[in-house]
Amino acid sequence: MISPRTLRNLEREFRQSLLAKVGVVIVVVVLFVAVFAPMLAPHNPHNQNLDDSNLPPLGFSKKTTETSSELVNGSIQVVNNTTYVEAQPSHPLGTDNLGRDMLSRVIYGARTSLLVGLFGTALALLIGVVVGLVAGYYGELVDDALMRSADIMLAFPSLVLAIALVGLFRRAVFRFPDPIVAAGFEPGMPETVALPGTVVLVVALVNWVWFARVARGEALTVESEEYVKAARSVGASDPFILRKHVLPNSVTPIIVLATIQIAAIILLESALSYLGFSGVNLSWGFDIAQGRDYLATSWWISTIPGIAIVLTVIGINLLGDWLRDALDPGIEGEGGGV
């Protein structure tokens with residue numbers, strides 16, 4: 001239950017911070033786009049049309065040079081013909097090299113990034129909070145063993161460790177029916193939603209240490225409080241004390257850190273997708289990789305999903321900063337990145 005004081009702090013910080021408003025708007029828009037992707041996407045993101053490949057976004061044109069041979073005065077000469085490919089209103093953000101609509105792919109890519117960000121953060125939070133609370137509550141040898149394990153994880157760069165873990169586990173993708181399509185509202189759209197399960201597991205294993213450090217610090221503080229000593233004196237068990245006293249009094253900084261970690265996990269997922277480890281082809285990182293060979297001629301294939309990643313991460317970080325300033329300014333500087 002959120003206390004009235006907490007609500008007042010959130011409201012006061014939100015009123016005073018323009019950046020908080022911007023962050024909330026960006027996050028709400030991205031969530032809306034991800035949830036209602038079948039209704040918002042103008043085309044099926046998988047549909048290919050080679051006749052409309054590499055179309056530019058609205059407001060831009062693409063210059064192409066075609067080489068042909070012509071017979072001039074009895075001799076064959078090479079002629080370069082310059083043509084301009086204009087944008088089409090049916091593809092407002094252009095198309096990729098296979099003629100797939102970029103707007104539709106960016107809309108559906110938001111689903112993959114947010115699903116991995118949310119599920120990966122939830123799993124990392126679960127692992128890290130359990131480890132951190134146990135380490136901080138019991139201390140001594142238990143604390144040393146668990147925290148040294150966390151230090152070992154921190155010794156490796158996140159992306160390198162993630163790639164190693166992807167190689168260790170089989171690449172698994174879970175598919176479940178899209179409720180909007182299953183209800184018959186958009187029958188022409190993809191029928192399933194793909195969740196790269198291996199990537200979710202990997203990003204959680206890479207990022208749990210940040211939650212463990214925060215939870216341990218909170219547990220060390222709460223463990224010495226009088227109400228915890230009173231609970232021990234009446235015979236309360238350690239699991240009961242951890243569940244009823246230590247965890248509820250440690251939840252605020254954990255929530256703030258979870259918000260910030262979603263952005264870091266989205267970046268990590270995009271990097272893994274760019275390198276081909278995701279297993280799904282509706283991802284912002286995957287589209288950036290597909291367009292890297294066309295940067296000189298069709299820059300929008302990589303640029304547009306890149307802009308989507310930047311805006312989403314900025315929005316989540318601004319939201320996390322607002323929560324941190326309102327709930328627990330003392331944890332500034334905590335968190336991990338790619």
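The model is a predicted one. H11 covers residues 251–274. From its first C-alpha to its last it reaches 34 Å, close to the 34 Å expected at 1.5 Å a residue. Just after H11 comes Gly 276, with a positive phi of about 90°.

Now turn to strand E3, residues 173–177. E3 is hardly covered. It has five residues, and the count of buried ones is zero. Buried here means under 20% relative accessible area, so no residue of E3 falls below that cut-off. E3 does have a partner. Five bridges join it to strand E4, residues 192–196. The two strands run antiparallel.

Next, helix H4. This helix spans residues 102–138, and Leu 123 sits in it. Is Leu 123 buried, exposed or partly exposed? Its relative accessible area is 27%, so Leu 123 counts as partly exposed. Which residues does Leu 123 touch, not counting those up to four places away in sequence? They are Val 200, Leu 201 and Ala 204.

Asn 54 is not a glycine, yet it has a positive phi of about 55°. Where is Asn 54 found? It lies in the loop between helix H3, residues 37–40, and strand E1, residues 61–72. Asn 54 is buried, because its relative accessible area is 11% and the cut-off for buried is under 20%.

Glu 140 also has a positive phi, of about 50°, and is not a glycine either. Its place is in helix H5, which runs over residues 140–154. Is Glu 140 buried or exposed? At 67% relative accessibility, Glu 140 counts as exposed, since exposed means over 50%.

Set side by side, the two residues give a contrast. Asn 54 is a buried loop residue, whereas Glu 140 is an exposed helix residue. Both can be located in the structure above.

Technical notes:
Residues numbered from 1 in each chain as written. Predicted model: local features only at pLDDT ≥ 70, side-chain atom pairs only at ≥ 80, totals over all residues. Heavy atoms only, no water. Helix = DSSP H or I, 4+ residues; strand = E, 2+ residues; numbered from the N terminus. Buried < 20%, exposed > 50% of the residue type's maximum accessible area, 1.4 Å probe, protein only. Expected span 1.5 Å × (residues − 1). Contact = heavy atoms within 4.5 Å. Pairing = 2+ DSSP bridges.
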